[in-house]
Amino acid sequence: MAEELNEKAMHDVHTKEIDLVNRDPNGLNDDVVKIDFEGVIAEPDGTHSFDGIWKASFTTFTVTKYWFYRLLSAIFGIPLALIWGIYFAILSFLHIWAVVPCIRSYLIEIQCISRVYSICIHTFCDRLFEAIGKMFSTIRATVRKEI
């Protein structure tokens, strides 16, 4: 029973339903790609083209952007998804099998070195600092305010 649930959970990760309406649920492209006609082309007061030209320009810009994006997505979407999938698979593999073990190994090794370093510092420097502290402990400073 537990094996069936585990197998189903693994299967669901790769075949989960995707939202075809909200395709950017995490807002990755909120500040970058939202380009509208008004954000690119604007006519200030006093310099206006004919209303028909303005409407045709708006329609041309919007339709061209829409269909050219779809054309580029159709041509390059699958190959780039494949490339990015391979890239992030390699990145994940390296992180799991190389980076984290190296960092853990380094932390284990440095822990041993830090203990030896700490022993050396305490052995040689503690006596020096105690002696310097005793020398300066006899110094008394007073502050007087003269008027």
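A residue counts as buried when its relative accessible area is under 20%, as exposed when it is over 50%, and as partly exposed in between (1.4 Å probe, protein chains only). Of the 147 residues in the chain, 1% are buried.

The model is predicted: local features need pLDDT of at least 70, side-chain atom pairs count only at pLDDT 80 or more, and totals for chains, interfaces and linings use all residues. Residues are numbered from 1 along each chain as its sequence is written, and side-chain values use heavy atoms, with hydrogens and water left out.

The chain has three helices and zero strands, in the order α-α-α from the N terminus. Helices (H or I, at least four residues) and strands (E, at least two) are DSSP runs, numbered from the N terminus.

On pLDDT, the predictor's confidence in each residue from 0 to 100, the chain has a mean of 86, and 90% of its residues reach 70 or more. Confidence is lowest in helix α1 (residues 2–15), with a mean of 59, and highest in helix α3 (residues 51–137), at 93. Where pLDDT is low, the predicted coordinates should not be read in detail.

An unreviewed UniProt entry annotates residues 67–100 as "transmembrane region"; such annotations may be inferred rather than shown by experiment. This span is 100% helix, and its end C-alpha atoms lie 44 Å apart.

A pocket is an open set of points on a 1 Å grid where a 1.4 Å probe fits, with protein on both sides within 12 Å along at least five of seven lines; lining residues have an atom within 4 Å of a point. A volume is the space filled by probe spheres set on the points.

| Pocket | Volume | Lining by class |
|---|---|---|
| Largest pocket | about 1200 Å³ | eleven nonpolar, three polar, eight charged residues |
| Second largest pocket | about 320 Å³ | six nonpolar, three polar, no charged residues |

Ala, Val, Leu, Ile, Met, Phe, Trp, Tyr, Cys and Pro count as nonpolar, Asp, Glu, Lys and Arg as charged, and the others, Gly among them, as polar.
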